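Please keep the structure open while you read.

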Amino acid sequence: MVGLGLNGFISVFRDPHTYLMPVAMFKEVVSKADNTSTSLGITLGRSQGRFVVRKVMDGSPAKRAGVERGDILVEVNDQKIQGLLQARVTELLKGDVGTTATIRVLRNGDKKKFKMTRTEITVATVSTRVIDGIKPIAVIGINKFAKGACEKTKEAINIAKNADVRGLLLDLRDNPGGQMEEASCIASLFVGPDKKIFELRYLDPTKKSEVYYGGEDKIFDQPVAVLINAGSASAAEIVAGALRDLNRAVLVGERTFGKGSFQEGEYWTQNKKVALFETKGFYYLPSGRSPQMKGLSPDVAVNFDDISMGREEDQFMNPLHAPEKQKKIIKTNISVKECIDAEDGTFPEDTQLSKARQVLFCSKVVAL
């Protein structure tokens, strides 16, 4: 109880990413960098003050039960959720493997009930598909920067190259981040080993900043567009922002989450059984700008069915801004009218993907 109280205080008066936890739990959190999670497989957003299902994970209990994107969530285990914070609703949906949850949703005015058993979900770190057309393209989706994500992305790019694609869409929507080493490695596959991907600057003025390079050879040189939304956070923002800053890609979708801070864990000096996970500084893109609080604005904005998600700035009572020594605003200003006609194929179920495909072959994109 004391620990929860302290963390509640810290989250308001310090920042929501600084907290105390038992050492055993801390070790488990640090060691878990794979692509498994325990949940129902639902991603929520907000629309007109209501909680709306924004995404249903393939292979999840929610998907098997028949929950659909656009369903309005009204109850979880007989508890009405109107007026609750999103963090509280997310907490209600979580639970141990094998436990059940019952939700009620509204779909086209009709109320529907779903009973599901929570399972451990393993999400494919990287997915690949090739879309034929006048100019065939590949869509590579990265769900999380888990261990091995760079190697899997390299394999996906080689599949795309063997299919003779003319361009690539890198889908980072709803990617919450992960290991920064994997992220910088992936970015270098598009820009080469010698380009700076990001920089760490510490809050402690006695510590020197650290510059990170991907280190991998460039293996793809066709046009690239990156799909982003409000769920693209942390390492996903670094990859998207770096590729744009280095004139290698354009961004399509929504403004990203806005987490540009990084945390490090250490034993609490007051009690060696307790670990302190604390914000130590900020990530900076090649342009010298940090995504902290602001996120990345897309070059071509395409909203996601008017369903909004909470962002980093919504979590703070006292904003945690990143000081910027250098400000270089990157603006691509792409006019969709200069792009290929939509007759090469659209995706009615995914307007962001359709628009990204359309802008991929703009003259300004090809020139990058």
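## Two loop residues with positive phi

Asn108 sits in the loop that links strand E7 (100–107) and strand E8 (110–117); helices (H or I, at least four residues) and strands (E, at least two) are DSSP runs, numbered from the N terminus. Although Asn108 is not a glycine, its phi is positive, about 55°. Asn108 is also exposed, with a relative accessible area of 78%; here buried means under 20% relative accessible area, exposed over 50%, and partly exposed in between (1.4 Å probe, protein chains only). The model is a predicted one, in which local features need pLDDT of at least 70, side-chain atom pairs count only at pLDDT 80 or more, and totals for chains, interfaces and linings use all residues. Residues are numbered from 1 along each chain as its sequence is written, and side-chain values use heavy atoms, with hydrogens and water left out.

Phi of Asp78 is near 65°, a positive value in a residue other than glycine. At 60% relative accessibility, Asp78 counts as exposed.

## The chain overall

The chain holds 9 helices and 19 strands. Of its 368 residues, 50% are buried. Among contacts in the chain with a separation of 6 or more, 70% come from residues 24 or more positions apart, where contact means heavy atoms within 4.5 Å.

## An open mixed sheet

In an open sheet, 6 strands follow the order E10-E11-E12-E15-E16-E19, and the pairing is mixed. Two strands pair if DSSP finds at least two bridges between them. Strand E10 (126–131) and strand E19 (300–301) stand at the edges with a single partner strand each, so one side of each has no neighbour in the sheet.

Which residues of E15 are buried, and which way do they point? Val224, Val226 and Ile228 point one way from the strand, Ala225 and Leu227 point the other way, and all are buried. In a regular strand the side chains alternate between the two faces of the sheet. With 5 of its 5 residues buried, strand E15 (224–228) is largely enclosed by the rest of the structure.

E15 pairs with E12 in the parallel sense over 4 bridges, and Leu168 has Val224 in E15 as its bridge partner. Strand E16 (residues 250–253) pairs in turn with E19, in the parallel sense over 2 bridges. There, Val252 has Val300 of E19 as its bridge partner.

H7 lies across strand E12 (167–171), E15 and E16, and runs at about 145° to E15. Axes are lines fitted to C-alpha atoms, for helices over the stretch in contact, and angles run from 0 to 180 degrees between N-to-C directions. In H7, 11 of the 11 residues are buried, so the helix is largely enclosed by the rest of the structure. The buried residues include Glu237, Arg244 and Asp245. They pack against E12, H6, strand E13 (196–202), E15, E16 and strand E18 (271–284). After H7 comes Asn247, with a positive phi near 55°.

Helix H6 (residues 180–191) packs on helix H7 (residues 235–245) at an angle of about 20°, with the axes 9 Å apart. That makes H6 roughly parallel to H7 (angles under 35 degrees count as roughly parallel, over 145 as roughly antiparallel, 65 to 115 as roughly perpendicular and the rest as oblique). The contact uses Met180, Ala183, Ala187, Phe190 and Val191 of H6, together with Ala235, Ile238, Val239 and Leu243 of H7. These residues divide into 9 nonpolar, no polar and no charged (Ala, Val, Leu, Ile, Met, Phe, Trp, Tyr, Cys and Pro count as nonpolar, Asp, Glu, Lys and Arg as charged, and the others, Gly among them, as polar).

## Strand E18 and its partners

E18 is mostly covered, with 11 of its 14 residues buried. Its pairing with E13 is antiparallel over 4 bridges, and Arg201 stands opposite Phe282 in E18.

Strand E17 (residues 261–268) runs antiparallel to E18 and is joined to it by 8 bridges. E17 and E18 form a hairpin with 2 residues between them. Phe262 has Gly281 in E18 as its bridge partner.
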